[in-house]
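Please read this briefing alongside the sequence and the 3D structure shown below.

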Amino acid sequence: MSLTYNPKETEEKWYKYWLSQGYFHSEPDERESYTIVIPPPNVTGILHMGHMMNNTIQDVLIRRARLKGYNACWVPGTDHASIATEAKVVAKLKAEGKSKNDLSRDEFLKHAWDWTEEYGGRILNQLQKLGASCDWDRTKFTLDDDMYESVIDTFIDLHEKGLIYRGFRMVNWDPEAKTTLSDEEVVYEEKQGLLYYVNYNIKDSDEKITIATTRPETIFGDTAICINPEDERFSHLKGKEVIVPIVNRTIPIIEDTYVDMEFGTGCLKITPAHDENDKVLGDKHNLEIIDIFNEDATLNHHGLDYKGLDRFEARKQFVKALKENNFLEKTENYTNKVGLSERTKAVIEPRLSDQWFLKMKELAQPALKSVLETKEIKLYPSKFENTYKHWLENVRDWNISRQLWWGHRIPAFYYGEGKDKFVVAKTKEEALEKAKKESDNNNLKLNDLRQDEDVLDTWFSSWLWPMSVFDGIRKPDNKEFNYYYPTKDLVTGPDILFFWVARMVMAGYEYTGQKPFDNIYLTGLVRDKNRQKMSKSLGNSPDALNLIDQYSADGVRVGLLLSNAAGNDLLFDESLCQQGKGFSNKIWNAFKLINSLKIDKEIDQPLSSSIAIQWYSNKFQEALNHIEDHFEKYRISDALMTSYKLVWDDFCSWFLEMIKPEYGKPVDQQTRDQAIKLFEDNLKILHPFMPFITEELWHQIDDRTGSEALIVSQWPKSQQIDQKVIKEFSFVQDVISGIRNIRKQKNIAFKNPIDLHIHNNENASKAYDVLIKKMGNINDLDYVQSQVEGCLSFRVKANEYFIPVAGSIDVEAEKKKLNEELNYLQGFLKSVDKKLSNTRFVENAPEKVINIEKQKKADAEAKILTINKSLESL
RNA sequence: GGGUGCGUAGCUCAGUUGGUUCAGAGCAUCUGGUUUACACCCAGAAGGUCAGGGGUUCGAAUCCCUUCGCACCCA
């Protein structure tokens, strides 16, 4: 066995081994299934801390399920991320001097596929370094043929059900990506801007009216001025018209109570094409709609001389012109929230366009019910239920179209001039048949059909993920789907609770009548020390593989899990990984110790060892119960911490020290065998957290065949716990701590033996005396009936322990110590007495609590008695 | 503007049904230790107005109200 643990070699070796043995692969069989589908990372992405966190948790769950005898199946895959990927491909083309506009759709898609093939597998390979035990044979991509068809089938089905419709709506337009974004993809930022006060001349009058706007460049699109009908300042202007400055168009003054008389000048310009609220007013008052922008947010011909200028440049120049022509009254500083594209950071332009929408209200109902009413799906931590509820109860129709090429192309075919002349069909041929019927025109040819140019929102494919990875959309009765679905756990971040999770629940019920998963576990976001979300784009994410290099995969896994409770953000700190690595070292050395002991088959097991084994067996069972409970409640970090303390404190610091023979002496066969058995149980519960080192040691213990690998062994069985053993030993631990304290106090090195006299008021079991002697390095241990002079003392419960020390005892110091203990106890007793003499407490508190208080009282009284006696004898 | 959550040791965070185990863990700090599996170690110590105030209760870090600070979501 090598002196120190070499994670690099080990990790590579065992990952290959697991793969070669097919342990990650699952096929339906008679066992119960335990399925997790990975939240598909972005195909162009690379591994960041969030992924590591997320996937470590999934791997812990799936490895534990495997050990517990489930047929565990973790399905990996990626999504095509239309906006992000298309943006990257466009950027790459640009760097090569090509423009997307010069390419045909097919040519562009070829570039996108090339890109995907080059970078697509990257993130999955990185997951392997982390130890992820995914069933790689099942790896899926949202644009695989079967996945593609599932999405198209779903679109057609929902359209037939009347849930998908086409609408002319104000959308969030990203002028950089030249696409629509959903509300969820827009981030708002406060920006310092100006409020411009602009004068409009009243037609056939010398009078003018002043409006305040943050966007003077949209004046080109003005089609009305609106005043509040109750505003007396403007009542004389009712029915008149104004002239748009510079543009010289005449527009009406309309009246609507929507206008806030307090804000600005109480007078509003209406630009229906470029503002959501103006659009509503425009519809109400039948106003003309003038769209002044091109798709890249430069001005079109409505912008007159400013045609072709970017909106911000146009604003600058137009304001200058307004000023020069005395239309600009004044400007004021003004902060407003500006919507930005999450992906490109471009300022969102509200834009009217034809889009495809999915009605959400109906679909949301089962999703609400299952999480909030029937609890068929459980959400961890439950605090997110409120957020979930609020979103679903106020859900808006989902704009599912994107003005992009990379993705699932909308299967709508236009056959005539009007934009409502279309049919939805799976193939062009089917579409032709439908179109002939609808148009009553049998002369229609394939060439007369034009397919919609847009693709579907990426989430419109990933909301099917738990079904489509098992081909459950196309073939709902297939064997695998029936076996693996519904899945068990979904592990993801709270930031995509609506984007993805809620929608998967909707799709699940819509298509199977069943939930897609039993449990939703929302992890925290990984943040850096400045509380910023860690992301590649901010450049504040440590390189994942570098971390693994430095601290080992096991170390990083432990580091990530250690201080991370569900749903709470984790401020990432590398020292946590260091702690994880330190833990590996500890485990390694624990085995090194057991392994290095020479065995003597002739010697009997010492009493101290048999006690140690009995104690640790029970301690292990107690911890196992806690661990099971933690897992059940998805308190993964607690489960890890419980295991950590069990192995480090109980196993290494106590158990191993107790069974360790004197230096150079051999160990008996029985103790060694039992220690190995207990160590193996440790490895089993550690395996989900630290798969590599545990598998390595498992094989160092013994030559094992393929089917005997740790990854496919059996999780320890729960057994009856002997609480008495644990309780008695805990008392013994206190005694040993007391001895250590005295040694420390008097600077008595451990190698120097001392004597111990025990005044056994508690009538504690003497069975453990051998251990006290061994662990305290006690020469003579005896029992006394009264205080012993010339000793330092300490107490455990009512028991008193005396240790003779060389030189004179400082009687005053001893008295002082005793008096302090006495004072504390008397205060404590008083508070307990107060409780017990309170009739309302005795009447109301549960019996269990009262008994505890009574026990406290008895213990305190006994101890006080002991101390008083000691004080007397001093 | 509306909603949700958070505030516990120097730092990062647990604290489950209000009641033993409750004021905890890890890191950092300090003191001592090593011929012995591990200095990636061992044995100890110190560190707290549970954000402030009020209330409910026999009993509050935990429940309610309120003030302050912070974060996130939605508009």
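Predicted model: local features only at pLDDT ≥ 70, side-chain atom pairs only at ≥ 80, totals over all residues.

Residues are numbered from 1 along each chain as its sequence is written, chains are lettered from A and ligands numbered from 1 in the order in which they are written, and side-chain values use heavy atoms, with hydrogens and water left out.

- Leaving out residues up to four places away in sequence, W463 is in contact (heavy atoms within 4.5 Å) with a set of residues including L158, L358, W398, W500 and R503.
- In soluble globular proteins, nonpolar side chains tend to be buried together.

**Helix α4**

- The 15 residues of helix α4 (residues 105-119) should span 21 Å at 1.5 Å a residue, and the end C-alpha atoms of the helix are 21 Å apart, which agrees; the expected span is 1.5 Å times one less than the number of residues.
- R105, F108, L109, A112, W115 and T116 of α4 are buried, where buried means under 20% relative accessible area, exposed over 50%, and partly exposed in between (1.4 Å probe, protein chains only).
- The buried residues of α4 fall within an arc of 115° seen down its axis, so they line one face of the helix; the arc is that of the directions from the helix axis to the C-beta atoms.
- These buried residues pack against α3 (82-95), β4 (140-141) and β21 (455-456), while D106, K110, E117 and E118 are exposed on the other side of α4.

**A buried arginine**

- R64 is placed in helix α2 (residues 49-67) and counts as buried because its relative accessibility is 13%.
- Apart from neighbours within four places in sequence, R64 is in contact with E628, F631, P688 and W715.

**Salt bridges**

- The count of salt bridges comes to 55, each being a side-chain nitrogen of Lys or Arg within 4 Å of a carboxyl oxygen of Asp or Glu.
- K161 and D157 form one of them, with the closest N and O atoms 2.7 Å apart; K161 is partly exposed at 40% relative accessible area, and D157 is partly exposed at 22%.
- E255 forms a salt bridge with K238, where the closest N and O atoms are 3.9 Å apart, and this pair links distant parts of the chain, with E255 in strand β11 (residues 250-255) and K238 in the loop between β9 (224-227) and β10 (241-243), 17 residues apart.
- E313 and K316 meet in a salt bridge of 3.8 Å, N to O, and both lie in helix α8 (residues 311-324), 3 residues apart, about one turn of the helix.
- A network of salt bridges links E149, D153, K426, D471, R474 and K475.

**Annotated span**

- The UniProt annotation "coiled-coil region", from an unreviewed entry, covers residues 425-452; UniProt positions are given in the numbering used here, feature names are shortened, and annotations may be inferred rather than shown by experiment.
- In the model, residues 425-452 are 43% helix and 7% strand, and the end C-alpha atoms of the span lie 11 Å apart.

Notes: Helix = DSSP H or I, 4+ residues; strand = E, 2+ residues; numbered from the N terminus.
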